[in-house]
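Please walk through this protein with me, one piece at a time. Keep the sequence and the 3D view side by side.

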Amino acid sequence: MNYLNDMSEINLSLQDRTNAYRQLGANPFRPWPARITSITQLTPKEKLFELRLIDEKVREAFTFTAGQFVELSIFGVGEAPISISSAPSKQGFIELCIREVGTVTAAIHRMQCGDVVGLRGPFGRGFPFEDMRGQDILLVAGGLGIAPLKSLINHIHDERHDFGKVTILLGARNPSEILFRHEFDMWKHREDFDLIMTVDDAVDPVNPDVTWDGEVGLVTRLFDRLDIEPAHTFGVICGPPVMYPFVVEEMRKKQLKVDRIFVSIERRMKCGIGMCNHCAVGHQYTCIEGPVFSYWDAINLQEAI
């Protein structure tokens, strides 16, 4: 159930939001139980979890857009916001790429297939998928930022005939930290995707004997190899916020307008529905107006980047 889409025309005051959820007949603070059906170790720090909502009616009603997130609950431990990595077209389950960085994420990293967790959401605004149809797409990811972009990439893949040229620039600190490596290695050989991967350091600390034969250096260096039609291109960036101004600068050199550049800003989200003020950036709530913003909106938000 996409609560936010049902509320898109509602004035987002606290009282209005509360009344809207009551009208929807749902409690946005109550997590739905979901069972872990698959766990894949991606890197020493990240795992990919496939979750299936247990209630059949909830499972059938659960829809989302690429770029949205859920609140993951570990019963008796707490909850944390996690971006959805699977494509919206793949219904019946969702994928979450989770890095072990705190109490909640450490708890799910100890869990096994068959264990039950809780899910709230989906929340936030995703990428403008419908506006992107018929356009070229340039996606730039740094580190864990590829996790939410994977949802968008796979959604584009599922409807590939509706899009023009798709270019993916992926940066990581070293080869062992490249997420979804096998999937991207396969995509490198596709004619309808242009994928370029680069690392800051070619020496793999996990597998030092493995030779890296790809690019070395910052992801911004890859822009010299791109030929872009700015009037027909959308730019998408996801990664550490420190990289955004530099990547945007390269996109602007290619004549992309700031309202055709989109960034994902995952900023201290907690309740997911704009009631706790935890994710407030300037005058907006990241969990409602974001996490996806056009760069035009983002640069007008104090301390957003």
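Helices (H or I, at least four residues) and strands (E, at least two) are DSSP runs, numbered from the N terminus. This is a predicted model, in which local features need pLDDT of at least 70 and side-chain atom pairs count only at pLDDT 80 or more, while totals for chains, interfaces and linings use all residues. Residues are numbered from 1 along each chain as its sequence is written, and side-chain values use heavy atoms, with hydrogens and water left out.

**Two buried residues**

Start with valine 219. Valine 219 sits in the loop between strand S10 (215-216) and strand S11 (233-238). Its relative accessible area is 11%, so valine 219 is buried. Here, buried means under 20% relative accessible area, exposed means over 50%, and partly exposed lies in between (1.4 Å probe, protein chains only). Contact means heavy atoms within 4.5 Å. Apart from neighbours within four places in sequence, the contacts of valine 219 include Leu169, Leu170 and Gly171. The C-alpha atoms of valine 219 and glycine 171 are 5.3 Å apart, although 48 residues separate the two along the chain.

Now take serine 151. Serine 151 belongs to helix H6. Its relative accessibility is 0%, so serine 151 counts as buried. Setting aside residues up to four places away in sequence, serine 151 touches Phe64, Ala66, Ile84, Ser85, Ser86, Ala87 and Pro88.

**Salt bridges**

How many salt bridges does the structure hold? It holds 11. A salt bridge is a side-chain nitrogen of Lys or Arg within 4 Å of a carboxyl oxygen of Asp or Glu. Three of them are listed here.

| Salt bridge | N to O distance |
|---|---|
| Glutamate 95 and lysine 150 | 3.0 Å |
| Glutamate 159 and arginine 133 | 2.7 Å |
| Arginine 173 and glutamate 177 | 3.1 Å |

Glutamate 95 and lysine 150 form a salt bridge. This pair links distant parts of the chain: glutamate 95 is in strand S5 (residues 94-99), lysine 150 is in helix H6 (residues 146-158), and they are 55 residues apart. Glutamate 95 and lysine 150 are both buried.

Glutamate 159 and arginine 133 also form a salt bridge. They too link distant parts of the chain, 26 residues apart. Glutamate 159 lies in the loop between H6 and strand S8 (166-172), and arginine 133 in the loop between helix H5 (129-132) and strand S7 (136-142). Arginine 133 is partly exposed, because its relative accessibility is 26%. Salt bridges with shared partners join Glu130, Arg133, Glu159 and Asp162 into one network.

Arginine 173 is partly exposed as well, at 49% relative accessibility.

**Nonpolar cores**

A nonpolar core is a set of buried Ala, Val, Leu, Ile, Met, Phe, Trp, Tyr and Cys residues joined through side-chain atoms within 4.5 Å. The largest has 35 residues, and Leu139, Ile146, Leu149 and Leu152 have the most contacts inside it. Which element gives this core its largest share? H6 does, with six residues. Domain 1 (9-123) and domain 2 (129-299) each supply at least three residues of this core; the domain bounds come from an automatic or database domain assignment.

Isoleucine 146 is in contact with Ala141, Ile153, Leu170, Leu179, Phe180 and Phe184, leaving aside neighbours within four places in sequence. A second, separate core has 24 residues, including Phe64 and Val70.

Most residues other than glycine have a negative phi, and most peptide bonds are trans. Some spots here depart from that.

Glycine 121 and proline 122 are joined by a cis peptide bond, with omega about 5°. Proline 122 is in strand S6 (residues 116-123).

Phenylalanine 180 has a positive phi, near 55°. This residue is in the loop between S8 and H7. Is phenylalanine 180 buried or exposed? Phenylalanine 180 counts as buried, because its relative accessibility is 6%.

Glutamine 255 has a positive phi of about 75°. Glutamine 255 lies in the loop between H8 and strand S12 (261-264). Its relative accessibility is 54%, so glutamine 255 counts as exposed.
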